[in-house]
Amino acid sequence: MTVVLIGTLDTKGQEYGWLRDRLIGLGRDVLVIDMGTGEPGVSYPVDVPDDHVAAAAGAGGSSSMERLPTERAITEQVTAFKNLEL
């Protein structure tokens with residue numbers, strides 16, 4: 001069974017890392033998707049980085065998401081997530 005962790009690694013990267021490590025310790029495969037709009041700054045592998053998600057929204061990358069107001073960036077990232085081909 002694969003567990004998909006979808007989170008904002010720019011602000012909650014450490015917490016998602018903790019959860020990821022616990023799930024791996026339980027023998028689960030983990031797929032990490034970064035829905036943040038800034039640099040994640042994490043030391044563990046991110047399977048789908050934020051710029052890949054942003055590109056699915058047609059935003060051209062995460063740096064363009066950073067310039068948007070928070071509510072708009074979240075809306076764009078959710079739309080992008082729906083368009084991702086995993």
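This report describes the fold of a predicted model, then selected residues within it.

## Overall fold

The chain contains four helices and two strands. Read from the N terminus, the order of elements is β-α-β-α-α-α.

The C-alpha trace spans about 40 × 25 × 20 Å along its principal axes. The chain has a radius of gyration of 13 Å. A compact globule of 86 residues would have a value near 12 Å, so the two agree. Of the 86 residues, 33% count as buried.

Contacts across the sequence matter to this picture of the chain. Take the contacts with a separation of 6 or more: 58% of them join residues 24 or more positions apart.

## The strand pair and its crossover

Strand β1 covers residues 2–7, and strand β2 covers residues 29–34. The two pair in the parallel sense over six bridges. Within this pairing, Val-3 stands opposite Val-30 in β2. Between the strands, the chain passes through helix α1, residues 9–25. This β-α-β crossover is right-handed.

In a regular strand, side chains alternate between the two faces of the sheet.

## Gly-7 in strand β1

Gly-7 is found in strand β1. The residue counts as buried, because its relative accessibility is 4% and the cut-off for buried is under 20%.

Leaving out residues up to four places away in sequence, Gly-7 touches Tyr-16, Ile-33, Asp-34, Met-35 and Gly-36. Gly-7 and Ala-80 are 73 residues apart along the chain. Their C-alpha atoms are separated by 14 Å.

## Arg-20 in helix α1

Arg-20 has its place in helix α1. Is this arginine, Arg-20, buried or exposed? At 15% relative accessibility, Arg-20 counts as buried.

Its contacts, leaving aside neighbours within four places in sequence, are with Leu-5, Val-30, Val-32, Tyr-44 and Pro-45.

Arg-28 sits in the loop between α1 and β2. With a relative accessible area of 37%, Arg-28 is partly exposed.

Which residues does Arg-28 touch, not counting those up to four places away in sequence? They are Met-1, Val-3 and Leu-23. Arg-28 and Val-3 are 25 residues apart along the chain, yet their C-alpha atoms are separated by 6.8 Å.

## Helix α4: length and two faces

Helix α4 runs over residues 70–83. Its 14 residues should span 20 Å at 1.5 Å a residue.

Which residues of α4 are buried? They are Ala-73, Glu-76, Gln-77 and Ala-80. These four cover an arc of only 100° around the axis, which means they lie on the same side of α4. An α-helix has 3.6 residues a turn, so residues three or four places apart point the same way. The face of α4 turned away from the buried side carries exposed residues: Glu-71, Ile-74 and Lys-82.

## Thr-70 in helix α4

Thr-70 also lies in helix α4. With a relative accessible area of 60%, Thr-70 is exposed. Thr-70 and Pro-49 are 21 residues apart in sequence. In space, they are 18 Å apart, C-alpha to C-alpha.

Note on methods:
Residues numbered from 1 in each chain as written. Predicted model: local features only at pLDDT ≥ 70, side-chain atom pairs only at ≥ 80, totals over all residues. Heavy atoms only, no water. Pairing = 2+ DSSP bridges. Right-handed = clockwise from strand over helix to strand, strands pointing away. Expected span 1.5 Å × (residues − 1). Buried < 20%, exposed > 50% of the residue type's maximum accessible area, 1.4 Å probe, protein only. Arc of directions from axis to C-beta. Contact = heavy atoms within 4.5 Å. Rg over C-alpha atoms; globule rule 2.2 N^0.38 Å.
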